[in-house]
Amino acid sequence: MRYVTLVLLTFCSSLVHAMEIRYQLHMPKPQNHYFEVEMLISKNNQKTIDLKLPVWAPGSYLVREFSKNINLVKAFDEKGNPIEVHKITKNHWQINSQGKELVHIKYEVYAFELSVRTSFLDLSHGYVSGAGVFMYVDGQKSLGGKLDVFPYDDFKKISTALPLGEFEEQKRASTTFTFKDYDQLVDCPIEIGNQEVFEFMAAGVKHTVAMYGDGNFNISDLKRDMAKVIEAETAVFGVNPNKNYLFIIHNVVDGQGGLEHCNSTTLSVNRWTYAGSEYLNFINLVAHEYFHLWNVKRIRPIELGPFDYDHEVYTSLLWVMEGVTSYYDELILRRAGFYSQETFLNKLMSSINYVEGSVGSRVQPVAHASFDAWIKAYRPTENSANTSMTYYSRGSVLGAVLDAKIISNTKGKKCLDDFMKQLYSVYYVKLNRGFTEAEFKKELSDFMGQDMSDFFARYVDGTEVIPYASIFGELGVKVKETTSTAPSFGASVRDEGGTVIVKSIRAGSAAEEAGLSVNDEIIGCNGYRMSQGMLDGVMNGLSVNDEVELLISRDEILQSVKVKISSYTRPSFSLKAEATPSVLYNYWLR
Ligand SMILES: [Zn+2]
């Protein structure tokens, strides 16, 4: 209903105001880190034009306030006379256009944060994450248009998934791209510089890789291994909706992961990730972001596109979008031959132990973790471990649980792939929209042939321990649940220039009972000065009920704190396939 209303409104307004928008992107002096943006608006008949800049970038659920980087917003008429610009809110500028047919807007964007969701410019390259760079005309997001990119003189290449404009428009100084609507413009990041570019075919799709920065990569290995992942993921859905796909890869000191788009992705990785055991982490990241081209970019909750760029958009389904994607980023590595069955099972076991062993897992249901991503997952604090469960980890375990249930219910005729395929064909292909939470629940119940309300109540909206033994037992996996009990201090510390500072305290731990706080400096223990290593050594050697006396400094006041070591019990699960793996097991981990 909401969707239908939206479409009608947009349709009517674009009929009345057949405005045309052309963006120009300049970067004349990269060392100052400013992109200069021009918006040429023609066929305007509005008295005022409302310009807005998104406050967040899709895929990254945090209000980032991109307008903090915007300066010198100016508007001019056809003759170059200035037009008044009023600031209405933090990310909203109103141009007093008085119905003038041509309006020329200029502003600059400070770009000095290199990440997959922000923009960057220096003498080595430029990276544009559109949400923080391109303003939109309020009410006109459905309008298509053109973008002319004017690279800095020394930058020879432009890599983006935006379609190229007409050939005659490709001038020496600029390259023209087109976009069908604002969502597409900001969904296609742009890499500008002297990146190394290579191409390969996989699943009938032409893939381009744009490598910024040095690294120990071997292009022929990458072509072979990325293709394996792409083929295996396309086989899940039976269809790859793209003709072209672009990987922008930033090879840097501290890699930060990736961000998904409809027909591209940006990966930020450590430049030495391409060898040894680290290499599989890279392949894993490729598998994760590529899987998103289906799951979240096309199969999606209704809130995740078309987007409200002005506010947080709330969904309880990130455990499906991110969690199920995380399940598949491992499963695909098994299917593509990078993992043995045993390796995969061990990875799943670690995830289960992390999830069920975390204090926060009993506090925050995964549906709440998803809904509150904006204020919790993306804004972690020293207390997060006590109160949060990540929708990536619990969501991936839930993905494995659903897969196992489908396989055992259908005696190996169907698996989670079939459910994902169904979501794709019903909601993306047929209805071309996202689903509501109620629709998702109904779709899952119908597919499973059983009411899934209890499953949601216990494990998604609730925090119960999942009955792994019965679920994976059906596939011939022996699950042994034990508890591990160990003496525990319960505080973690960090070294800060030779001082030992308390970083976090587990709820209910000996450290909490003793009255220790985060940020306390631990100077000594039992009369001896402590370094981080010494303190860890002392604490690891203690037994339950042992007492130690700590000398701490809190706000530069010295205090003595008595700690009585307590025991910490957590559940522990071991998963082992039967000596002769069952048919269902071999189907699951084929
Ligand atoms: Zn993801």
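**View 1. Lining of the second largest pocket in the predicted model.** In this predicted model, 38 residues line the second largest pocket, and those nearest its centre are Val359, Ala385, Ser492, Ser504 and Arg506. The pocket's volume is about 760 Å³. By class, its lining comprises 20 nonpolar, 13 polar and five charged residues.

**View 2. Elements around the second largest pocket.** Two or more lining residues come from each of helix 6 (341-357), helix 8 (384-387), helix 9 (391-409) and helix 15 (532-540), and likewise from strand 21 (477-488), strand 22 (491-496), strand 23 (499-505) and strand 28 (566-577). Helix 15 gives the largest share of the lining, four residues.

**View 3. The largest cavity.** Four cavities of 30 Å³ or more are found in a search of the whole structure. The largest cavity has a volume of about 70 Å³. Its lining is made up of Ala57, Pro58, Val116, Tyr127, Ser129, Gly130, Ala131, Val186, Asp187, Pro189, His261 and Lys297. Seven of these lining residues are nonpolar, three are polar and two are charged.

**View 4. The second largest cavity.** The second largest cavity holds about 50 Å³ of space. Around it lie Pro58, Gly59, Tyr61, Glu260, Val296, Lys297, Leu304 and Phe307 as lining residues. The lining divides into five nonpolar residues, one polar residue and two charged residues. Pro58 and Lys297 are on the lining of the largest cavity and also on that of the second largest cavity.

Terms used: Residues are numbered from 1 along each chain as its sequence is written. This is a predicted model: local features need pLDDT of at least 70, side-chain atom pairs count only at pLDDT 80 or more; totals for chains, interfaces and linings use all residues. Side-chain values use heavy atoms; hydrogens and water are left out. On a 1 Å grid over the protein atoms alone, a cavity is a set of points where a 1.4 Å probe fits but cannot get out, and a pocket is an open set with protein on both sides within 12 Å along at least five of seven lines; lining residues have an atom within 4 Å of a point. Grid points are joined across faces, edges and corners, and a volume is the space filled by probe spheres set on the points. Ala, Val, Leu, Ile, Met, Phe, Trp, Tyr, Cys and Pro count as nonpolar, Asp, Glu, Lys and Arg as charged, and the others, Gly among them, as polar.
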